[in-house]
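Subject: Structure handover

Hello,

Here is the structure I promised to pass on. Please open it and keep it beside this email as you read.

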Amino acid sequence: MKFKAFFTDDGISLLDKRFLPAMDKVGRVCHVFFTPTHAMLLHNLLGATAAGPDGGGPQCVAQFAKDLLFREYNLSSRNGNQIAFSVEVALLHRALRSVLAVHAQPPAAGDAAGAPAIQGAHAAVVQDVPISRPLSRSDVERLHAALDAAKDLPKTLVQVPDLPQLQSLVDRLKNVGDLLTVAVTQYGDLHLQVSTSLVTVGSEFRKLRVIGDRANAPVGDQNLTSSTRMDMAVERREALSVQVNMKHLVKSLHCHLAKPDCTFYGIAPDGACLTVVFQYFIPGTRLADKSISFYCRLPVLDPGSS
């Protein structure tokens, strides 16, 4: 089993400034998964036993085309040229920051133009990052199965244009209760509601951009309350509604540290999970950057309704 690669400047910056801060907020430990074509950061895909203390929380997948992160990439193993292991995100991030700090230092006086060569002027900096034993073939197959299961997008996704506003709303709602009802309609509505024995508090984002299955909102719904509209949309099979743990949603919102260009919310068929998809554009364009894939799946606390 061998792996050797050289980061590109953009690749190491992408991890340092965006994805490692986001993954560290989601969970202390993640899996690093190298395949012949991609490098991935995976949180909680194998559950509590293999992914640390956050089992049962959101699953997060950050996948990169190998050429986006590395200029040279040599990988070989008896497991189909695939290697996976777990690592503490903070330790990996600290090592990358240390490397960047060394590269940012100005050249020594002896390195100035015209100066004679000095022994030791060029030195290798070695950063040791503790990792787990490489995953077994069966665990790698489980990773693949979990990734395959997560590939199917919800039939309806709505774009949240103002993620800081959503974060502010969730910060207020988490002081009310621990369970959050989330509904996504084919009209482009995102409903959030917390209910306790004493109070029901909620809010909604309306007329959002819709990707996938969509429908026209009934004309008479404008005069109804948010919760009534949501219930009627679910009854018409034009919406899905699930209940999630508030802490899980708060964790998923930390993914904004990865600075996505667009964020979409959707509910998997039969209310299997709440899915958050983060989209990136090719710099200077509005075209989707297919070399990056980043999404979270939140477990639901009820079977959902459809």
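At what angle do the axes of helix α6 (residues 163-173) and α8 cross, and within what distance do they come? They cross at roughly 155 degrees and come within 11 Å. Before going on, note that this is a predicted model.

**Helices α6 and α8**

Two packed helices are described by the angle between their axes and the distance between the axes. Angles over 145 degrees count as roughly antiparallel. The angle of roughly 155 degrees therefore makes α6 roughly antiparallel to α8. The crossing of these two helices is left-handed.

Which residues meet there? From α6 come L163, L166, Q167, V170 and L173. From α8 come M246, L249, V250 and L253. By class, eight residues of this contact are nonpolar, one is polar and none is charged. An α-helix has 3.6 residues a turn, so residues three or four places apart point the same way. Keep that in mind when you look at the residue numbers.

**More on α8**

Helix α8 covers residues 246-253. Six of its eight residues are buried, so the rest of the structure largely encloses this helix. The buried ones are M246, H248, L249, V250, S252 and L253. Look at the start of α8 too. There, a side-chain oxygen of N245 reaches to within 2.7 Å of the backbone nitrogen of K247.

**Helices α1 and α4**

Helix α1 (residues 9-26) packs against helix α4 (residues 89-104) at an angle of about 155 degrees. Their axes are 10 Å apart. That angle makes α1 roughly antiparallel to α4. The crossing is left-handed.

On the α1 side, the contact is made by I12, L15, D16, L20, P21, M23 and D24. On the α4 side, V89, A90, L92, H93, L96, R97, V99 and L100 take part. The residues of this contact divide into 11 nonpolar, one polar and three charged.

**H191**

Now find strand β9 (residues 190-195), where H191 lies. Is H191 buried or exposed? Its relative accessibility is 3%, and buried means under 20%, so H191 counts as buried. The side chains of H191 and S226 are joined by a polar contact of 3.0 Å. Leaving aside neighbours within four places in sequence, H191 is in contact with T181, V182, A183, T185, S203, E204, S226 and M230.

**Two loop residues with positive phi**

Start with R237. This residue lies in the loop between α7 (226-235) and β12 (239-245). Phi of R237 is near 60 degrees, a positive value in a residue other than glycine. R237 is exposed, with a relative accessible area of 60%.

Then go to D270, in the loop between β13 (262-267) and β14 (273-279). D270 is not a glycine, yet has a positive phi of about 65 degrees. At 62% relative accessibility, D270 counts as exposed.

**The whole chain**

Last, step back. The protein chain has eight helices and 15 strands. Of its 306 residues, 43% count as buried. Take the contacts between residues at least 6 apart in sequence: 68% of them join residues at least 24 apart.

Best wishes

Note on methods. Residues are numbered from 1 along each chain as its sequence is written. This is a predicted model: local features need pLDDT of at least 70, side-chain atom pairs count only at pLDDT 80 or more; totals for chains, interfaces and linings use all residues. Side-chain values use heavy atoms; hydrogens and water are left out. Axes are lines fitted to C-alpha atoms, for helices over the stretch in contact, and angles run from 0 to 180 degrees between N-to-C directions. Helices (H or I, at least four residues) and strands (E, at least two) are DSSP runs, numbered from the N terminus. Angles under 35 degrees count as roughly parallel, over 145 as roughly antiparallel, 65 to 115 as roughly perpendicular and the rest as oblique. A crossing is left-handed if the near helix is turned anticlockwise from the far one by less than a right angle, and right-handed if clockwise. Contact means heavy atoms within 4.5 Å. Ala, Val, Leu, Ile, Met, Phe, Trp, Tyr, Cys and Pro count as nonpolar, Asp, Glu, Lys and Arg as charged, and the others, Gly among them, as polar. Buried means under 20% relative accessible area, exposed over 50%, partly exposed in between (1.4 Å probe, protein chains only). A polar contact is a pair of N or O atoms within 3.5 Å; within protein, one must be able to donate a hydrogen and the other to accept it, and residues adjacent in sequence count only if both atoms are side-chain atoms.
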